[in-house]
Amino acid sequence: MQNIIKLITVSLLVFILGIFYQSLNRSSNYDTKFLVGNKIADIELSDLQSEKFFTNDDFKNNKYTLINFWASWCAPCRVEHPYLMILSRNKDIKILGINFKDKKINALKFLEELGDPYDYLAKDNNGKQSVNFGIYGIPESILIDSKFNILKKIIGPLNEKDLKEIKEIIKS
Amino acid sequence: MLSNTGNFLLSLNILLSALIIYYSYNNLKTSDDLISQKVFKISILQSTSILICFFTLVSAFLVSDFSLITVYQNSHTLKPIFYKISGTWGNHEGSLLLWVIILTLFSFLFLIYNRKHPKNYRLYTLIIQNFLILGFLFFILFNSNPFSLISPSPNEGLGLNPILQDPALAIHPPLLYVGFVGSSIYFSAAIASMITNYADKSFAKSIKSWVLISWSFQTLGILVGSIWAYYELGWGGFWFWDPVENASLLPWFAMTALLHSLLVLERRNVLYFWSIILCLLTFILSVTGTFLVRSGILNSVHTFANDPTRGIYILAFLSIMILVAVYILFLKYKPANVEINSNSKETFVLVNNWFMMFYLITVLLGTLYPIFTDAISNNKISVGPPFYNSVIIPVVIVFLFFMAIGPNAKWIKNKFIDLKIYSLIILAAVLLNFIIFFFFKSYSIISNLIVISSLFLILSSIMDIFKKISFNFPRVVSHLSFGFLILFIGLNHNFSIEKDFNLKIGETKQIDNFKFHLKDLKLVQDTNYKAVIGSLKVNDLLSKEERVLKPEIRIYDNPQTLTYEASIQTNFIRDYYLTMSNIDRSDYYNIKFQKKPLMIWIWISVAMLSLGGFLSLLRHAKYN
Amino acid sequence: MKIKILCLVIFFNFSVYATSNEILNESRIHKNLRCLLCQGQSIADSNSEFAQTLKMVVKDLVKQGKTEDEIYNFLSDKYGDWILYKPKFNYENFLLWSFPYLVLVFGGFIIVFLVKKR
């Protein structure tokens, strides 16, 4: 009996210390990797410029769609914009821009100034839509396929490396 | 220059520790019952040199010697002198030096204050303690050296994080360290006791003062940390069940359990191995806490810059410590015959230990569980206040009843507890509770039970004062203040009023019985920050109280940080707590207003709790 | 006799509160939701963009008549379990919720065992 207790104690301690050791190389911060492979929520978005309404049907024929949350007041959005412009030239991917808590005039001025990469342009006036997509900061982008599976999620502005990875995914 | 001095002193200390171990070991074999003068002399030298080493670092901070990386990263020439000094231990490297100082001083003090105890027991304690000191000295010298140089030497430092520039936080680490680093001495003593078979009563007597000292300081440290969190973090709470906070609470539970089990050991010679386990556990939890906090494997509010190599070192140290301790324990463990009667004081001490273990396991599990799920199933979860509250609070209620009854039970002899008196006390507690809640309105059953049980503890502790026999004043102080603590937390939690709204300049808003008016905003330039100070008039329509609160939004220069300073007005009945924050792209300001009843009494209760520990220390010193 | 009075008073004490029904409390939900952008704050404590948005969504969901658990499930689907401060009681968190109580029961047994030995 005593030996069993001793054995259990020692293995428990070794187990805990082992987990500690293993966790040293992990990031303790929040990430969204686990969302990859999940389906996104049904799309129900209003167009920024007209009374049009976007639903899943508008996207099911796209091989790939990049959903990009942006706003004219957000400085990092300016940084990522050139990459979106590059991506917009690619035929295999469509880009859905969702304008987040913004004024329409400012948003349109922003696009006029820097170019419009978006195939679809929707609005999220009060920000409620962002929760549906699991967004927690602007800018954030989600790459989905025609079946609405999440292939990749990019938090913060897109950069060279993200662009490369996206291109690789849509090539295959 | 300072760097060389510091490094020299650190190396000297390694040499001295090694010498102490060597001479103590030789001294074990001598037949006389005296510890060699050499050991004493080197110990004095050791303590002196580590203190000089510390003051070397302090002076580097005082003269802003930015050729030292630590000073460069954590100080600034414009910083007030007080914060230059406190900056010494406000960072990883400096705080480790503080660790070693406490290890060393406790080692020395234990040596000279335990003359009555046998030579070999003292020597072994010294040897083990010096192994701990060596471990930390190596860590400092080779991994986290506060005297590391940077070249070329910068002209200006990066500054200390502004939320750390605070009087409460300046004294918080030293207090807490005396608490949980101090527990190292009874870790060493426990192992020495097992090796030399110096057990039971006399062992309990030799470590009791040290347990009391560390417990009282740990309590004070936790108090100061909570006060700081209350006014600096700006959310109105004072305990967030954050991993760093939990790390300070875990050793506290173990110490509290130890404190009580020593009572039994001292009196009856039972629970020896259980007390040994608690001695070992306390320090092991302290080092575990340090590991969790410094290695960065936990996500916490209290940012400590982290780096994985530190983690590996502390983890290796921790593992060796645990395995050696467990090995010796298993080697020496002998099942003892325990004879305890129900209803005796021993039973109630066991009950105390039982509950302490429950709290300890709950908090430990809650703190570690996210690490486990992440490592095993790659799922990141959060364990926060709602978890701890819902698991712990119901158990606290039962605990308080035991805590009230326990101290009045007699040693050894079986005697039935006086049911009549306790029914009367319960009756009084329920009535008082009813009056409180009837006049102030409330909802939840659990808070009623909390108030009833804490009132029960308070009333029966007060009754104890009037009893002539076996009246232990320090114990009554501590138990009474613990009762008050829970009572005030319960009432505060239950009757706090919180309002969250947006205002712009000149606007007035009425919410329920409160009227708010944002008079104006002033822009102020201070030495190391700019601030927007709001003037908010708060009108309590019920009590006809009118107060102007001045919350601030501060922008610090070095390093650039934005902080929200709460405006707090305290009196003996309630705190007004108000924070203001800007809303992006709008001229409105978000205002969070809280009226928190009896806030100051929570602090006073904890201070009294710790006072009970100090009084008990005096009492112990007088009788032994 | 005294015991009877005691029971009566205790009963009276609690019957008063039984009538005051507990309303679904929005701020309690806020306190259980972690602000993902902020360090260790719940959205009740935070005023960030994210916290504001989430509070609006919670308000909507409460209005739609969703229960507390439904709201938590909805959000943990989107953001993961990290967002909940009170972990769900499920297969994975079973040990977290039950182990403390196991310790409590086990400890109780040890004490009874030790004490009755005579």
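In this predicted model, chain B contributes 47 residues and chain C contributes 39 residues to the contact between them.

**The side of chain B that touches chain C**
- Four helices of chain B each provide at least two residues of this side: H13 (345-377), H14 (385-405), H15 (419-440) and H16 (445-465).
- The greatest contribution comes from H13(B), with 12 residues.
- Sorted by class, this side of chain B holds 27 nonpolar, 15 polar and five charged residues.

**Helix H12 of chain B**
- Helix H12 spans residues 308-332 of chain B and so comprises 25 residues.
- The distance from the first C-alpha of H12(B) to its last is 36 Å, close to the 36 Å expected at 1.5 Å a residue.
- The buried residues in H12(B) are B:Arg310, B:Gly311, B:Tyr313, B:Ile314, B:Leu315, B:Met321 and B:Ala325.
- The cover over these buried residues includes an element of another chain, helix H1 (2-23) of chain A.
- Within chain B, the cover includes helix H6 (119-142), helix H8 (184-196) and helix H11 (272-295).
- In general, residues three or four places apart point the same way, because an α-helix has 3.6 residues a turn.

**Domains of chain B**
- Chain B is divided into domain 1 (1-161), domain 2 (388-495) and domain 3 (497-600).
- A distance of 37 Å separates the C-alpha centres of domain 2 and domain 3 of chain B.
- Domain 2 of chain B and domain 3 of chain B each give four residues to the contact between them.
- On the side of domain 2 of chain B that touches domain 3 of chain B, there are three nonpolar residues, one polar residue and no charged residues.

Definitions and conventions
Residues are numbered from 1 along each chain as its sequence is written. Chains are lettered from A and ligands numbered from 1 in the order in which they are written. This is a predicted model: local features need pLDDT of at least 70, side-chain atom pairs count only at pLDDT 80 or more; totals for chains, interfaces and linings use all residues. Two residues are in contact if their C-beta atoms, placed from the backbone, lie within 7 Å. Ala, Val, Leu, Ile, Met, Phe, Trp, Tyr, Cys and Pro count as nonpolar, Asp, Glu, Lys and Arg as charged, and the others, Gly among them, as polar. The expected span of a helix is 1.5 Å times one less than its number of residues. A residue is buried if 20 or more other C-beta atoms lie within 10 Å of its own, exposed if 12 or fewer, and partly exposed in between; C-beta atoms are placed from the backbone. Domain bounds come from an automatic or database domain assignment.
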